[in-house]
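Here is a short walk through one protein model, written for someone who likes to know the cut-offs behind each word. Have the coordinates open beside the text as you read.

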Amino acid sequence: MLEQTRYEKLFSTPVFRFQVPDPVAFNEALLEEGNRMRAGSGGASKSNRGGWHSEGNLFDRDTDCVNKLRDLATEAIFTANEKIGAQAPREALALKIFAWMNANPKGAFNAPHTHPGAHWSGVYYVAQPEIETGNSGMIEFIDPRTDLPNWRILQAPSFRMKKKLRPEPGEMVLFPSYLVHWVYPNESSEERWSIAFNATFRKARK
Ligand SMILES: [Fe+2]
């Protein structure tokens, strides 16, 4: 008999989900903030098709709800660092987070993309249509490994080519910025609101 001496999962891709407790009032405040911003600007257009996208860094705003979200994002990022076994001490890292708000009306979606240059990317879900069926509004991650179609025959969960999620309002998803992701078109007549962010580390100055 052959003895198995070692089993390692090399090069795995972590995806985290966090839940903000009692998010209703918090989400209402973020939605108000978003509506104020949208009223004041036309917004930018990046990977989102047919939706509104805030301009500049949302985290440069100094309001209670934005400050709270920045703190939550920071907590999620350092929790993730710890979970992946990061050896760099927190005080050796200068963290920069750039955030923006998305409003996706019916038909709007985000084409497949990555966030080059950042370390962690995240999405916080502010408002989702009540009833969503099929793939409407789902975020999907695409496996970064090559030649995976060849492995489909084994039906092994960790070798699947894609994974989709439909987070609830109050949830935050965090993943490495190199991971290709996209959002299925919103088929509902209600708008979907989310806040995306990129987290980038630099060496902290002594
Ligand atoms: Fe993205």
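Where is the place of Gln-155? Gln-155 sits in the loop between strand 7 (139-142) and strand 8 (162-165). Its phi is near 50°, a positive value in a residue other than glycine. With 8 C-beta neighbours inside 10 Å, Gln-155 counts as exposed.

Before going further, a word on conventions. Residues are numbered from 1 along each chain as its sequence is written. The model is predicted, and local features need pLDDT of at least 70, side-chain atom pairs count only at pLDDT 80 or more, while totals for chains, interfaces and linings use all residues.

**Overall picture**

The protein has two helices and 11 strands. Helices (H or I, at least four residues) and strands (E, at least two) are DSSP runs, numbered from the N terminus. Along the sequence, they follow the pattern β-α-β-β-α-β-β-β-β-β-β-β-β.

The C-alpha trace spans about 70 × 50 × 30 Å along its principal axes.

Buried residues make up 23% of the 206 residues. A residue is buried if 20 or more other C-beta atoms lie within 10 Å of its own, exposed if 12 or fewer, and partly exposed in between, with C-beta atoms placed from the backbone. Among contacts between residues at least 6 apart in sequence, 86% join residues at least 24 apart. Here a contact needs two C-beta atoms, placed from the backbone, within 7 Å.

Six strands form an open sheet in the order 1-9-6-11-4-3, with antiparallel pairing. The edges are strand 1 and strand 3 (52-53), each of which pairs on one side only. Two strands pair if DSSP finds at least two bridges between them.

| Pair | Sense | Bridges |
|---|---|---|
| Strand 1 (16-19) and strand 9 (171-176) | antiparallel | four |
| Strand 6 (120-127) and strand 9 | antiparallel | five |
| Strand 4 and strand 11 | antiparallel | 12 |
| Strand 3 and strand 4 | antiparallel | two |

Gln-19 stands opposite Glu-171 in strand 9. Leu-174 in strand 9 is the bridge partner of Phe-16, and Leu-174 is also the bridge partner of Gly-122. Further across, Trp-100 stands opposite Ala-196 in strand 11, and Trp-52 has Ala-103 in strand 4 as its bridge partner.

**The core and helix 2**

Which residues have the most contacts inside the largest nonpolar core? They are Tyr-124, Leu-174 and Ile-195, in a core of 27 residues. The elements that give two or more residues to this core are helix 1 (24-40), helix 2 (64-83), strand 4 (93-104), strand 6, strand 9 and strand 11 (192-203). Such a core is a set of buried Ala, Val, Leu, Ile, Met, Phe, Trp, Tyr and Cys residues joined through C-beta atoms within 7 Å. Leaving aside neighbours within four places in sequence, Tyr-124 is in contact with Leu-69, Met-172, Ser-194 and Ile-195.

Leu-69 leads us to helix 2, where the buried residues are Leu-69, Ala-73, Ala-76, Ile-77 and Ala-80. They cover an arc of only 100° around the axis, which puts them on the same side of helix 2. The arc is that of the directions from the helix axis to the C-beta atoms. An α-helix has 3.6 residues a turn, so residues three or four places apart point the same way. On the other side of helix 2, Asp-64, Asn-67, Asp-71, Glu-75 and Glu-82 are exposed. The buried residues of helix 2 pack against strand 1, helix 1, strand 4, strand 6, strand 9 and strand 11.

Helix 2 has 20 residues and reaches 29 Å from its first C-alpha to its last, close to the expected 28 Å. The expected span is 1.5 Å times one less than the number of residues. Just after helix 2, Gly-85 takes a positive phi of about 80°.

**Another positive phi**

Most residues other than glycine have a negative phi. Asp-22 has a positive phi near 45° and lies in the loop between strand 1 and helix 1. Asp-22 is exposed, with 7 other C-beta atoms within 10 Å.
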